Amino acid sequence: MKSMNDVKMQSLGKALRILDYFQVDRPEGTVTEISDYFGYTKSNVYNILQTLESFGYVEQDPKTKEYRLGYAILRRSFVYNQTNDKLQRIQEYLSATANEVNELANFATIRDHQLLYLGQCIPKNRQLLLTDYANVVGYSAPLYCTGLGKAMLAYQSADYVDEIIAEGFEEFTETTVRSGEQLKRELAHIRELGYAVDNMEHSYGVRCVAVPVLNAAGEAVFAISLRGISVQFTDDRIEELARALKQCTREIKKHISL
């Protein structure tokens, strides 16, 4: 017989999973769509959504009856960003590098087999492009087709890499990695160079160079990157930017406990 605590934990787990239903490519959903997705009863999903709505975590369109994330999510995101001292300090060092080389910078970590963007730095003197306005903080992307993702993946265990490979590869562009063998060769090359390159593998027209931030055990806990228009990110420019990023990681590791 399940205890009351077990029942409460199951209910909380369902509520959190329902929040995870809402994604960039699936921003809305009806009670029926959400219940079909998880295999929960409609009454259970309805009750959970009603509770989440009362606390502002979801909201419902009165016309379509579809639910989407609510304002409370944004408040929690603000609190997280403003109170995470480690992220703020990494952003300070990365901002200095971004200003020095006059390129857009990002940093990220790994969560749930995905790349999770944690911060973005736009240099003060940069002439902003349309793509610079995209706020990537909180965005998730595959590890195998991003510079940041590959930089961290190169320092994960062989078993972890095999798990990523087993999930398959979505082809975003013509240069996206297509096989496990290709990915493993590239990860070995990244370890030799100390940096990764995204050669328009996730988005056309964009190249990126990324460097892992390793802890004392040699594990990649974060990665930092510089990105720009592909025609401007020549191989020589990428090598120059990689040196700047490596210097930034040395400063981060010197002053921040990882």
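1. **Ground rules.** Because the model is predicted, local features need pLDDT of at least 70 and side-chain atom pairs count only at pLDDT 80 or more, while totals for chains, interfaces and linings use all residues. Residues are numbered from 1 along each chain as its sequence is written, and side-chain values use heavy atoms, with hydrogens and water left out. Helices (H or I, at least four residues) and strands (E, at least two) are DSSP runs, numbered from the N terminus.

2. 6 strands make an open sheet, ordered 5-4-3-8-7-6, with antiparallel pairing. Two strands count as paired if DSSP finds at least two bridges between them. Strand 5 (140–141) and strand 6 (196–199) are the edge strands, and each pairs on one side only. Helix 9 (residues 235–255) packs on this sheet and touches strand 6, strand 7 and strand 8. The direction of helix 9 makes about 25° with that of strand 7. Such angles run from 0 to 180 degrees between N-to-C directions, and axes are lines fitted to C-alpha atoms, for helices over the stretch in contact.

3. **Strands 7 and 8.** Strand 7 (residues 206–214) pairs with strand 8 (residues 220–229) in the antiparallel sense, over 9 bridges. L214 has A220 of strand 8 as its bridge partner.

4. Strand 3 and strand 4 are joined by 7 bridges in the antiparallel sense. I110 is bridged to L115 in strand 4. The hairpin of these two strands has 2 residues between them, and D112 takes a positive phi near 55° there. On to strand 5: it runs antiparallel to strand 4, with 2 bridges. L116 has S140 of strand 5 as its bridge partner. How much of strand 4 is buried? 6 of its 8 residues are, so strand 4 is largely enclosed by the rest of the structure. Buried means under 20% relative accessible area, exposed over 50%, and partly exposed in between (1.4 Å probe, protein chains only).

5. **Helix 5: length and faces.** Helix 5 (residues 85–101) has 17 residues, which should span 24 Å at 1.5 Å a residue; its end C-alpha atoms are 25 Å apart, which agrees. The expected span is 1.5 Å times one less than the number of residues. L87, I90, L94, T97, A98 and V101 are buried in helix 5. They sit on the same side of helix 5, because they cover an arc of only 100° around the axis. The arc is taken from the directions from the helix axis to the C-beta atoms. An α-helix has 3.6 residues a turn, so residues three or four places apart point the same way. E92 and E100 are exposed on the other side of helix 5.

6. **Helix 5: surroundings.** What do the buried residues of helix 5 pack against? They pack against helix 4 (71–83), strand 3 (104–111), strand 4 (114–121), strand 8 and helix 9. Contact here means heavy atoms within 4.5 Å.

7. **Helices 2 and 3.** Helix 2 (residues 31–38) packs on helix 3 (residues 42–54) at an angle of about 115°, with the axes 9 Å apart. V31, T32, I34 and S35 of helix 2 meet K42, V45, Y46 and L49 of helix 3. V31, I34 and S35 of helix 2 are buried. The buried residues of helix 2 fall within an arc of 95°, so they line one face of the helix. G39 follows helix 2, with a positive phi near 80°.

8. **K150.** This lysine deserves a look. K150 lies in helix 6 (residues 147–153). Is K150 buried or exposed? K150 is buried, at 0% relative accessible area. Beyond its neighbours within four places in sequence, K150 is in contact with residues including E186, D198 and E201.

9. G194 is in the loop between helix 8 (180–193) and strand 6. At 18% relative accessibility, G194 counts as buried. G194 and A151 are 43 residues apart along the chain, and their C-alpha atoms are separated by 8.1 Å. Outside four places in sequence, G194 is in contact with Y155, V211, P212 and K246. P212 belongs to strand 7 and is buried, at 7%. Not counting residues up to four places away, P212 touches A151, Y155, G194, A220, F222, A223 and T249.
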